[in-house]
Amino acid sequence: MEHILVVEDEQHLADGLRFNLEAEGYDVTVVESGEAALESLKAVAINLVLLDVMLPGIDGFAVAAELRHQENFVPVLMLTARGRSEDVVRGFEAGADDYLPKPFDLAVLLARVKGLLRRRGWTQPPALADQISLGDLVIDFERMEIVTEGERVPLTLMETNFLKYLAQRDGQTVSRRAILEDVWGVREDTDTRAIDNFVVRLRRYIEPDPTKPKHLVTVRGVGYRFHRDPK
C-alpha cells in the first residue's frame, strides 16, 4: 500500500484529505508542521508528500528544500493558497514536483496524486529511449537519475520531465514560456526569468563546465536549446 504524508495545519482540510485518500486505498499520515513532516520522513517510508505552503514554524518551501538537500526525492505535491505565479515557481525551485492552488477540486487532486505516484510525465516518442548519453554521462529517465563515473545523482520528477522535454526537441529552440506552460503548467503571466535558476542547477548536473554550457544552451531573448551531440 502506498503511503502518503499530508502536511496540513488546517484540521478540517487535513481530515478531509485523510478520509478521501484512505477511501482510494492509500495509507495516510497527517502532521501539522514542517518540523513534524521532516521527522516523519526520517521515521517511515513515504511514497508521496502533500505539502501545504503556509505552516507553523518552517514553511513548505523550506521543507521541500531540506528534503532535496538531504537527497530525499520523494514526490512532493505542494498545496498553496497563494495565487501568485512567483510562489509556484519558488515551489518548483525548492524541489516540489507539482502544485495545486487552494481551493482545489478533489477529483483533480486525486488525479495529480495518481500521476505523481506513477512517476510519468508524458507519452515518450519512440525516438527517445529511457536513457540518453551525453559523453560519459547517462541520463536515465526511467530511474530518474544521472550516472557519471560510477556516481548516481537522483533527479526530482520535475527535473526529469524538464530534461526529457528538451531532449525530445534536440536541436530546437524552446521558449521559456513553452517550458513553463508545458512542463510546469504555470499561468501565462509568470515572470519567465524565474526559470533561469532552475536551468543553472541542471547545468551543474550535465555540463562538464557549467559556465560554458554545451548541452543546455541559452538562446538570448528566447529560451533554451538542448544539444545531445554538440558540434
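**Exercise 1. Where do the axes of helix H1 (residues 11–23) and helix H5 (residues 106–118) come within 12 Å, and which residues meet there?**

Solution. The axes of H1 (residues 11–23) and H5 (residues 106–118) come within 12 Å and cross at roughly 60 degrees. Axes are lines fitted to C-alpha atoms, for helices over the stretch in contact, with angles from 0 to 180 degrees between N-to-C directions. Helices are DSSP runs (H or I, at least four residues), as are strands (E, at least two), and both are numbered from the N terminus.

Next, classify the angle. H1 is therefore oblique to H5; under 35 degrees counts as roughly parallel, over 145 as roughly antiparallel, 65 to 115 as roughly perpendicular, and the rest as oblique. The crossing of H1 past H5 is right-handed, where right-handed means that the near helix is turned clockwise from the far one by less than a right angle, and left-handed that it is turned anticlockwise.

Last, list the residues. H1 supplies Leu17, Asn20 and Leu21, which meet Leu106, Leu109, Leu110 and Val113 of H5; contact means heavy atoms within 4.5 Å. Six of these residues are nonpolar, one is polar and none is charged. Here Ala, Val, Leu, Ile, Met, Phe, Trp, Tyr, Cys and Pro count as nonpolar, Asp, Glu, Lys and Arg as charged, and the others, Gly among them, as polar.

The model is predicted, with local features needing pLDDT of at least 70 and side-chain atom pairs pLDDT 80 or more, while totals for chains, interfaces and linings use all residues. Residues are numbered from 1 along each chain as its sequence is written, and side-chain values use heavy atoms, without hydrogens and water.

**Exercise 2. At what angle do the axes of H6 and H7 cross, and which residues make the contact?**

Solution. The axes of H6 (residues 157–167) and H7 (residues 176–184) come within 10 Å and cross at roughly 125 degrees. H6 and H7 are therefore oblique to each other, and their crossing is right-handed. On the H6 side the contact is made by Met158, Asn161, Phe162, Tyr165 and Leu166, and on the H7 side by Ala178, Ile179, Asp182, Val183 and Trp184. By class, this contact has eight nonpolar residues, one polar and one charged.

**Exercise 3. How many aromatic pairs does the structure hold?**

Solution. There are two aromatic pairs. Rings of Phe, Tyr and Trp (its six-membered ring) pair if their centres lie within 6.5 Å; planes under 30 degrees apart are stacked, over 60 edge-to-face, and the rest tilted. Phenylalanine 92 and tyrosine 99 have ring centres 5.9 Å apart and planes at 85 degrees, so this pair is edge-to-face. The relative accessible area is 2% for phenylalanine 92, which is buried, and 14% for tyrosine 99, also buried; buried means under 20%, exposed over 50%, and partly exposed in between (1.4 Å probe, protein chains only).

For phenylalanine 162 and phenylalanine 198, the centres are 5.2 Å apart and the planes at 65 degrees, so this pair is edge-to-face. Phenylalanine 162 is in H6 and phenylalanine 198 in H8 (residues 195–206), so the pair ties together parts 36 residues apart in sequence. Both phenylalanine 162 and phenylalanine 198 are buried.

**Exercise 4. Is glutamate 207 buried or exposed, and what is it in contact with?**

Solution. Glutamate 207 is in the loop between H8 and strand E11 (216–219). Its relative accessible area is 5%, so glutamate 207 is buried. Leaving aside neighbours within four places in sequence, glutamate 207 is in contact with Pro213, Lys214, His215 and Leu216.
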